[in-house]
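Keep the sequence and the structure in view while reading.

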Amino acid sequence: MRLSKIFTKTSKDIAKEEVSRNAQLLIKAGLIDKLMSGVYSFLPLGYIVLKKIENIIREEMNKIDALELLLPALHPKEIWQVTGRWQYEEMFKLQNRKKQEFSLGWTHEEIIVPLVKKFANSYKDFPLAVYQIQTKFRDELRAKSGLLRGVEFIMKDLYSFHIDERDLDKYYERVKRAYFKIFQRCGLAKLTYLTLATGGTFSKYSHEFQTITDAGEDIIYICHQCDLAINKEIIAKEHFVCPECSNKNLEIKKSIEVGNIFKLKDKFTKPFNFFVKDSNDKDLPVIMGCYGIGLGRLLGTIVEIHNDDKGIIWPLEVAPFKVYLISVDTDKSNVRIMTEKLYERLLKQNIEVLYDDRQHKTIGEKLFDADLLGLPYRLIVSAKTLSKNAVELKLRRSKAIKLVSFSQVEKFLKS
Ligand code: ATP
Ligand code: MG
């Protein structure tokens, strides 16, 4: 893509009212825009990143045989009364002109359970798993961490249905592995811990995926022997030792909950009377698991972890583009022509390239934006590099600069 075609701009200064690093950097780089507290627009470059994260999640969900669907965000009051959650304090409520009451979806158990019940009425229909990637609304009191805590935010929520507890346990483990794969592909592998947390309805604990950073609101106790963490909420109950191996040497860290998985058993299927007949015509209770990941929170976490004083440093798989291409000496027509040629060549090889072809920007401004936007590779074409039949290559992550032969750039980038 040509940068001259993108209407959004980077800014020199940091948005004053933002206190979180992720929002400061993403706004400065022109990737998101704040509408109000906890509500952000994704601008074209930011939306590319969001889509990449979405695709990683979608690929990993499909690999565990989950089917994608899309549920409504507007819900009737009655369905929330079935489970007694109409009173939930973070739920937004609204009325139509006939004074009927509705809510905006903050989670979707009450919607998915009666839906699946309509179709899955034999033991032969199980197990099954469905997920969606959709906007949620929550009346969050503390929405000042940028994308980490939205009032409107995008979540992937997966629901699995089983008639056998062992089968739920097995699927739960598959989801765990899929989650680690997702966080690894998003560049968070080393810092993300499976964490014991409260909220398991019938199992002792639920599991969170916590990524270590000082920007986090949570506190976890890490057991390096088990490669497991325990949320502060429950460590006192465990007498400050690891419940798996009794290790007392736990490391205390601040962290962000990027994902959360629960065995719900029949908590939501029971109120909806969701039973199916087994082969002897006996009623079997349907049991469930639910599994969430916040996409915006994940994006914000990536930025909190991968940045320096100059800007963002995108992990390869989620970068909006792989390459930032600049030509210096644009007053010299051969440099301009050669840069255009290189740009076309990279496109032909399906290398994602952002070409800074802006006419009225100085090289200083372009280098500033290249660092701020944080694409993994920066290529510079100049009269000097061309005199050596080469281009200059720099990784955003390192200081080293390297000359690569002009004819070998694609090959080099692909390796
Ligand atoms: P928290 O304890 O941080 O409020 P939660 O327990 O309410 O999170 P869940 O209801 O389990 O979160 O939601 C599943 C996932 O959705 C979370 O793990 C997180 O990644 C994301 N998420 C939850 N609330 C928000 C929010 N306000 N903004 C952005 N993402 C969120
Ligand atoms: Mg919450």
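## The largest cavity

In this predicted model, the largest cavity is lined by Y324, A370, D371, L375, Y377, R378, K394, L395 and R396. Its volume is about 70 Å³. The structure holds one cavity of 30 Å³ or more.

Three elements each supply at least two residues of this lining: α9 (363–373), β21 (377–381) and β22 (390–395). By class, the lining of the largest cavity divides into five nonpolar and four charged residues, with no polar ones.

## The largest pocket

Rolling a probe the size of a water molecule over the atoms shows where empty space is left. The largest pocket holds about 1100 Å³ of space. Its lining is made up of 49 residues, and those nearest the centre of the pocket are R138, M155, E257, N260 and F262.

Several elements give two or more residues to the lining of the largest pocket. The strands are β8 (152–162), β10 (206–212), β11 (218–223), β13 (251–265) and β16 (287–294), and the helices are α6 (232–235) and α7. Which element gives the most to this lining? That element is β13, with eight residues. Sorted by class, the lining of the largest pocket has 19 nonpolar, 16 charged and 14 polar residues.

## The second largest pocket

About 310 Å³ of space lies in the second largest pocket. It is lined by 18 residues, and the closest to its centre are T8, K9, T10, R358 and D369.

Helix α9, which also supplies residues to the lining of the largest cavity, gives the most to the lining of the second largest pocket, with four residues. The classes in the lining of this pocket are seven nonpolar, five polar and six charged.

## Helix α2 against helix α7

Helix α2 covers residues 44–63 and helix α7 covers residues 295–305. The two pack at an angle of about 110°, and their axes are 10 Å apart. Angles of 65 to 115 degrees count as roughly perpendicular, so α2 is roughly perpendicular to α7. The crossing of α2 and α7 is right-handed.

On the α2 side, the residues that meet α7 are G46, V49, L50, I53, E54 and I57. On the α7 side, they are L295, L298, L299 and I302. Eight residues of this contact are nonpolar, one is polar and one is charged. Helix α7 also gives two or more residues to the lining of the largest pocket.

## Helix α2 against helix α5

Helix α5 covers residues 165–185. The axes of α2 and α5 come within 10 Å and cross at roughly 155°. The crossing of α2 and α5 is right-handed.

From α2, the contact with α5 uses I56, I57, E59, E60, M61 and K63. From α5, the contact uses R174, A178, Y179, K181, I182 and R185. The contact of α2 with α5 has six nonpolar and six charged residues, and no polar ones. Residue I57 of α2 takes part in the contact with α5 and also meets α7.

How values were computed: Residues are numbered from 1 along each chain as its sequence is written. Chains are lettered from A and ligands numbered from 1 in the order in which they are written. This is a predicted model: local features need pLDDT of at least 70, side-chain atom pairs count only at pLDDT 80 or more; totals for chains, interfaces and linings use all residues. Side-chain values use heavy atoms; hydrogens and water are left out. Axes are lines fitted to C-alpha atoms, for helices over the stretch in contact, and angles run from 0 to 180 degrees between N-to-C directions. Angles under 35 degrees count as roughly parallel, over 145 as roughly antiparallel, 65 to 115 as roughly perpendicular and the rest as oblique. A crossing is left-handed if the near helix is turned anticlockwise from the far one by less than a right angle, and right-handed if clockwise. Contact means heavy atoms within 4.5 Å. Ala, Val, Leu, Ile, Met, Phe, Trp, Tyr, Cys and Pro count as nonpolar, Asp, Glu, Lys and Arg as charged, and the others, Gly among them, as polar. On a 1 Å grid over the protein atoms alone, a cavity is a set of points where a 1.4 Å probe fits but cannot get out, and a pocket is an open set with protein on both sides within 12 Å along at least five of seven lines; lining residues have an atom within 4 Å of a point. Grid points are joined across faces, edges and corners, and a volume is the space filled by probe spheres set on the points.
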